[in-house]
Amino acid sequence: MSSRIYFMLVAIFTVAGVFQFSGQVSGAQHCGMNTNVLGQLVSQCEKYVLKSGPKIRPSPGCCTVVKKVDVPCVCKFVTKQIEEIVSIEKMVYVARSCGIKISAGTKCGSK
């Protein structure tokens with residue numbers, strides 16, 4: 001497994017762990033995610049949101065998965081560790097390219 005994929009998996013599962021232990025509702029369910037969706041996000045969308053590389057339109061497969069996730073909800077749980085690996089700008093670009101409405105000024109991570 002490449003180090004890039006490993007770090008992406010760590011980032012995704014860190015978010016999932018925060019969700020799971022953060023309160024009243026299971027975190028993954030709280031933001032519309034389950035283990036299957038997490039795996040699909042990594043396999044379908046990784047190359048579109050990593051800091052390295054150009055900003056490119058997401059594939060239809062990536063959009064199918066992104067539409068299963070409450071992106072504004074996920075944004076509330078993005079940590080600085082995740083921001084070291086994932087480009088928040090690209091993440092928002094991917095979501096918007098897939099038809100997800102993210103209002104201007106929505107806070108995602110520290111941005």
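Modeller: Go ahead. Keep in mind that this is a predicted model.

Colleague: How many disulfides are there by the rule?

Modeller: The count comes to 3 disulfides. The rule asks for a pair of cysteine sulfur atoms within 2.5 Å.

Colleague: What makes Cys45 and Cys62 a disulfide?

Modeller: Their sulfur atoms are 2.2 Å apart. The cut-off is 2.5 Å, so the pair qualifies. The link is right-handed, with 120 degrees about the S-S bond. It joins distant parts of the chain: Cys45 sits in helix α3 (residues 35-49) and Cys62 in helix α4 (residues 60-66), 17 residues apart. Both Cys45 and Cys62 are buried.

Colleague: How do you know that Cys63 and Cys98 form a disulfide?

Modeller: By the distance between their sulfur atoms, 2.1 Å. A disulfide needs them within 2.5 Å, so Cys63 and Cys98 are counted as one. This link is left-handed, with -75 degrees about the S-S bond.

Colleague: Why is Cys63 called buried?

Modeller: Its relative accessibility is 11%. Buried means under 20%, so Cys63 counts as buried.

Colleague: And what makes Cys98 buried?

Modeller: Cys98 has a relative accessible area of 5%. That is under 20%, so the label holds for Cys98 too.

Colleague: Now the residue Ser97. Where is Ser97 placed?

Modeller: Ser97 belongs to helix α7 (residues 88-97).

Colleague: Why does Ser97 count as buried?

Modeller: Its relative accessibility is 19%. The label needs a value under 20%, so Ser97 is buried.

Colleague: Which residues does Ser97 touch, leaving out those up to four places away in sequence?

Modeller: Ser97 touches Arg57, Pro58 and Cys63. Cys63 is also the disulfide partner of Cys98.

Colleague: What makes Cys75 and Cys108 a disulfide?

Modeller: Their sulfur atoms lie 2.1 Å apart. The limit is 2.5 Å, so Cys75 and Cys108 pass. The link is left-handed, with -80 degrees about the S-S bond. Distant parts of the chain are linked here: Cys75 is in helix α5 (residues 71-75), Cys108 in the segment after α7, 33 residues apart.

Colleague: Are Cys75 and Cys108 buried or exposed?

Modeller: Cys75 is buried, and Cys108 is buried as well.

Notes:
Residues are numbered from 1 along each chain as its sequence is written. This is a predicted model: local features need pLDDT of at least 70, side-chain atom pairs count only at pLDDT 80 or more; totals for chains, interfaces and linings use all residues. Side-chain values use heavy atoms; hydrogens and water are left out. Helices (H or I, at least four residues) and strands (E, at least two) are DSSP runs, numbered from the N terminus. Buried means under 20% relative accessible area, exposed over 50%, partly exposed in between (1.4 Å probe, protein chains only). Contact means heavy atoms within 4.5 Å.
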